Amino acid sequence: MEPSILFNGSHDHDDPDYLAWLDANPEGFVANVPHPHTPYDNFPVVMHRASCPDARNGGQDGKLTSNTQWKVCALSRDIAEQGARRYTQVPLRYCQSNKIGGCGRYWTPEGNRRQEKLA
Ligand SMILES: [Zn+2]
């Protein structure tokens with residue numbers, strides 16, 4: 001199993017690299033981790049699917065990585081969640097975006113898979 005990838009604004013792990021990962025891995029998962037040692041460090045980690053439009057929303061300064069938040073990405077949800085826990089102990093929250101492609105149709109606030117609608 002591949003490890004998770006941390007995008008923290010460093011060289012080759014900056015916003016363009018993160019966006020490229022999303023584009024290359026639409027079935028992947030993203031943990032949005034509040035940057036440690038900032039006023040945001042008690043915010044919950046928000047889990048997204050890579051296809052979620054909210055995974056592309058910048059922080060207060062428009063940055064996706066580094067200043068206020070890190071992104072931990074993996075092809076497996078378990079790996080992404082384990083990766084996030086290496087950086088923070090705050091609880092996980094599951095994105096409930098109801099935008100097109102958003103996470104709300106995919107899982108419940110507790111992270112349980114929603115029933116696939118049969119056509
Ligand atoms: Zn989402």
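The buried residues of helix α2 are covered by elements that include β2, β3 and β4. Here a residue counts as buried if 20 or more other C-beta atoms lie within 10 Å of its own, as exposed if 12 or fewer do, and as partly exposed in between, with C-beta atoms placed from the backbone. The model is a predicted one, in which local features need pLDDT of at least 70 and side-chain atom pairs count only at pLDDT 80 or more, whereas totals for chains, interfaces and linings use all residues. Residues are numbered from 1 along each chain as its sequence is written.

The buried residues of α2 are Ile 79, Ala 80, Gly 83 and Ala 84. Viewed down the axis of α2, these residues fall within an arc of 135 degrees and therefore line one face of the helix; the arc is that of the directions from the helix axis to the C-beta atoms. Arg 85 also belongs to α2, but Arg 85 is partly exposed, with 14 other C-beta atoms within 10 Å.

Two helices and five strands make up the secondary structure of the protein chain, where helices (H or I, at least four residues) and strands (E, at least two) are DSSP runs numbered from the N terminus. From the N terminus on, their order is β-α-β-β-β-α-β. The radius of gyration of the protein chain is 14 Å, close to the 14 Å that the globule rule gives for 119 residues, so the chain is as compact as a globular protein of that length. This radius is taken over C-alpha atoms, and the globule rule is 2.2 Å times the number of residues to the power 0.38. Along the principal axes, the C-alpha atoms fill a box of roughly 45 × 30 × 30 Å. Buried residues account for 31% of the 119 residues. Of the contacts between residues at least 6 apart in sequence, 66% join residues at least 24 apart, a contact being a pair of residues whose C-beta atoms, placed from the backbone, lie within 7 Å.

Strand β3 is largely enclosed by the rest of the structure, because five of its five residues are buried. Val 45, Met 47 and Arg 49 point one way from β3, while Val 46 and His 48 point the other way. β3 runs antiparallel to β2, to which four bridges join it, and parallel to β5 (residues 92-94), with three bridges; strands are taken to pair if DSSP finds at least two bridges between them. In these pairings Val 30 stands opposite His 48, and Val 45 stands opposite Leu 92.

The largest nonpolar core has 25 residues, of which Val 30, Ala 31, Met 47, Val 72, Cys 73 and Ala 80 touch the most other members. At least two core residues come from each of β1 (5-7), α1 (15-24), β2 (29-34), β3 (45-49), β4 (69-74) and α2 (77-85). Such a core is a set of buried Ala, Val, Leu, Ile, Met, Phe, Trp, Tyr and Cys residues joined through C-beta atoms within 7 Å. Beyond its neighbours within four places in sequence, Val 30 is in contact with His 48, Ala 50, Ala 55, Lys 71, Cys 73 and Ala 80.

Val 33, in strand β2, is buried, with 28 other C-beta atoms within 10 Å. Its contacts beyond four places in sequence are Val 45, Gln 69, Trp 70, Val 72, Ala 84, Tyr 87 and Thr 88. The C-alpha atoms of Val 33 and Arg 85, 52 residues apart along the chain, are separated by 9.2 Å.

Conventions. Two residues are in contact if their C-beta atoms, placed from the backbone, lie within 7 Å.
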